[in-house]
Amino acid sequence: MDLLLHQILSGLATGGIYASVALALVMIYQATHLVNFAQGELAMFAAYIAWALLQTGMPYWAAFFLTVGFAFVLGVVIERLIIRPVENAPILSVVIVFIGLLVILNSVAGWIFSYTIKPFPSPFPAEPLFGNPYMSSHEIGSIAITLVVLALLFVFFRYTPLGLAMRAAAQNPVSSRLVGIRVSWMLALGWGLAAAIGAIAGMMVAPTVFLEPNMMSGILLYAFAAALLGGIDSPGGAVLGGFIVGVLENVVGAYLGTELKLTVALALIVGVLVIRPSGLFGKVLVTRV
């Protein structure tokens, strides 16, 4: 029983990472109706930036917020310079651009920082919080940061004029232009926010998997499964899906072997696409013909 409880609680912490990346995937999908295959590499590159800032002696939280700001600007620049010129191109062309961006970020990170595995510090104490024997301080902190990010995004998109404008631009670009919303810049800000959220996920996962250019490849797959499970157009559903995938991965790994952990994500992706393509909380679009 203790083993099961430990795996569930630890899975919630891992699921918080998947939820963050899944949330970033959903934000890009809502804006472009495409899946950003380079989302994991954006998170990895941001984690390297944070590591470089920490090597200069900068305090952790200063490096954390500077990295989030850098990732936001990088996301906006990528949308402006790379994604916007091909926004009206065939879907296959845009997918190739995403894959090319993935390879470029991975190669540049290896070229600049090398492929040597590097330790990444955690901002949380080494000893368990509150005497909790089931979860480390870093796991509890990761869950807390995920929930804080989700709450801030909810408030931003629900109660601020800029957030409402971004939602309108993603859902109905034509009507948004008619009321004076600069849709192209709203999409760029969406990319920036997605990159910033991915940066937070990268910095939270780096202390557990160590820092190297390929550290986010498996995590992106789990996050994609989480986004599909919760609903690729539902931010809240993607977060819930991340926690579900994290718990299932840990329980399966503990009782059936670590070899089947990736299989869980793949089985979820296939199962959702076959049984309920819109996910648990996604919208089913019906077109009258």
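Phenylalanine 210 is partly exposed, because its relative accessible area is 41% (buried means under 20%, exposed over 50% and partly exposed in between, with a 1.4 Å probe and protein chains only). Phenylalanine 210 sits in the loop between helix 8 and helix 9 (helices are DSSP runs of H or I with at least four residues, strands are runs of E with at least two, and both are numbered from the N terminus). Its phi is near 70°, a positive value in a residue other than glycine. The model is a predicted one, in which local features need pLDDT of at least 70 and side-chain atom pairs count only at pLDDT 80 or more, whereas totals for chains, interfaces and linings use all residues. Residues are numbered from 1 along each chain as its sequence is written, and side-chain values use heavy atoms, with hydrogens and water left out.

A positive phi, near 75°, is also found at serine 114, again a residue other than glycine. Serine 114 belongs to the loop between helix 4 and helix 5. With a relative accessibility of 27%, serine 114 is classed as partly exposed.

Serine 142 lies in helix 5 and is buried, as its relative accessible area is 2%. Leaving aside residues up to four places away in sequence, serine 142 touches Ala13, Ile17, Phe124 and Met204 (contact means heavy atoms within 4.5 Å). Glutamate 139 is likewise placed in helix 5, and its relative accessibility of 17% puts it in the buried class. Between glutamate 139 and threonine 208 there are 9.4 Å in space, C-alpha to C-alpha, and the two are 69 residues apart in sequence.

The packing of helix 2 (residues 39–55) against helix 8 was then described. The axes of these helices come within 7 Å and cross at roughly 65° (axes are lines fitted to C-alpha atoms, for helices over the stretch in contact, and angles run from 0 to 180 degrees between N-to-C directions). The crossing of helix 2 and helix 8 is right-handed (the near helix is turned clockwise from the far one; a left-handed crossing has it turned anticlockwise by less than a right angle). Helix 2 contributes Gln39, Ala43, Ala46, Ala47 and Ala50 to the contact, and helix 8 contributes Ala194, Ala195, Gly198, Ala199, Gly202 and Met203. By class, this contact has eight nonpolar, three polar and no charged residues (Ala, Val, Leu, Ile, Met, Phe, Trp, Tyr, Cys and Pro count as nonpolar, Asp, Glu, Lys and Arg as charged, and the others, Gly among them, as polar).

The largest pocket has a volume of about 1300 Å³. On a 1 Å grid over the protein atoms alone, a pocket is an open set of points with protein on both sides within 12 Å along at least five of seven lines, a cavity is a set where a 1.4 Å probe fits but cannot get out, and lining residues have an atom within 4 Å of a point. Grid points are joined across faces, edges and corners, and a volume is the space filled by probe spheres set on the points. The lining of the largest pocket comprises 43 residues, and Gln30, Ala31, Arg167, Ala170 and Gln171 lie nearest its centre. Among the elements that give two or more residues to this lining are helix 3 (60–83), helix 6 (161–171) and helix 7 (173–178). Helix 1 provides the largest share, six residues. The lining of the largest pocket contains 25 nonpolar, ten polar and eight charged residues.

The second largest pocket holds about 370 Å³ of space. Of its 20 lining residues, Thr14, Tyr18, Val205, Thr208 and Val209 lie nearest the centre. At least two lining residues come from each of helix 1, helix 5, helix 8, helix 9 (217–230) and helix 10; helix 1 gives the most, with five residues. Nine of the lining residues are nonpolar, eight polar and three charged.

One cavity of 30 Å³ or more was counted. The largest cavity has a volume of about 30 Å³ and is lined by Ser20, Leu23, Thr146, Val149, Leu150 and Val239. Helix 1 and helix 5 each supply at least two residues of this lining, and the largest share, three residues, comes from helix 5. The lining of the largest cavity has four nonpolar, two polar and no charged residues.
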